[in-house]
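Please look over the sequence and the 3D structure shown here before reading on.

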Amino acid sequence: MKGLSLWQPWATLIAIGEKRIETRSWGTAYRGELLICATASTPAEGWSVLGDPGFFKVLPKAGYPNRISFPQGGALALAYLADVRQIASAGQWGYSYRRNGDKVHQPWETLFDYEFGNYGEGRYAWHLADIRPLPNPYKCRGGQGLWMVPQETQRAVYQALNMTAEEIEVFGADPDKPAIGSLFESMEAIP
């Protein structure tokens, strides 16, 4: 499992299912489980978007009326990173990317996708699937870029989501790694 740390309110938007495309200045070949974490702090530019129409419509309804209500410094959701595409252009109805030299149109997945990301030419759209919010934020240390999630945190996340060994393997854990079996067997030991 890899982790991705994001400023608020974007981490929460993913956790509540309102943001299914994360945009980054860099791409990755990684596909699989992605732990969505809120950074320990958010700069002023992160909070400045709370008055924008999409943010203002979605977040208060989901129980986040102001910046004090957002969790910081912990895991909020587990998602599956299904695809990463380099953006060629974007507009009101979706974005375009190149596949085998041809320009392909991708419609937005949610009403506010365009507002919740930076779809500048050359950036990357990370498509998230099967987003599972944790019932409570789990305090953990994040990192920059994609980072390996410690096994203790993986166990805690799987347990919080009540995932069985079969679900863990289907969801994205590599069944060829011997750590998965031992990881699941030791889940009972978590307080």
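Contact, as used below, means that heavy atoms lie within 4.5 Å. With that in mind, Leu 13, leaving aside its neighbours within four places in sequence, is in contact with Glu 18, Lys 19, Phe 55, Val 58, Leu 59 and Phe 116. This is a predicted model, in which local features need pLDDT of at least 70 and side-chain atom pairs count only at pLDDT 80 or more, while totals for chains, interfaces and linings use all residues. Residues are numbered from 1 along each chain as its sequence is written, and side-chain values use heavy atoms, with hydrogens and water left out.

**Confidence**
- The mean pLDDT of the protein (pLDDT is the predictor's confidence in each residue, from 0 to 100) is 87, and 89% of the residues reach 70 or more.
- Over residues 174-191 pLDDT stays under 50, and for this stretch the model has 23 contacts beyond four places in sequence.
- Where pLDDT is low, the predicted coordinates should not be read in detail.

**Nonpolar cores**
- A nonpolar core is a set of buried Ala, Val, Leu, Ile, Met, Phe, Trp, Tyr and Cys residues joined through side-chain atoms within 4.5 Å; buried means under 20% relative accessible area, exposed over 50%, and partly exposed in between, with a 1.4 Å probe and protein chains only.
- The largest nonpolar core has 26 residues, of which Leu 6, Leu 13, Leu 34, Ile 36, Phe 55 and Leu 128 touch the most other members.
- Among the elements that give two or more residues to this core are α1 (10-15), β3 (32-38) and α3 (53-61), where helices (H or I, at least four residues) and strands (E, at least two) are DSSP runs numbered from the N terminus.
- A second, separate core of 14 residues includes Val 157, Tyr 158, Leu 161 and Met 163.

**The helix α3**
- Gly 54, Phe 55, Val 58 and Leu 59 are buried in α3.
- Seen down the axis of α3, these buried residues fall within an arc of 90 degrees (taken from the directions from the helix axis to the C-beta atoms), so they line one face of the helix.
- The buried residues of α3 pack against α1, whereas Pro 53, Phe 56, Lys 57 and Lys 61, on the other side of α3, are exposed.

**Strand pairing**
- Two strands pair if DSSP finds at least two bridges between them, and β3 and β4 do so in the antiparallel sense over seven bridges, with Ala 79 in β4 as the bridge partner of Leu 34.
- β4 is also joined to β7 by 10 bridges, and these two strands run antiparallel.
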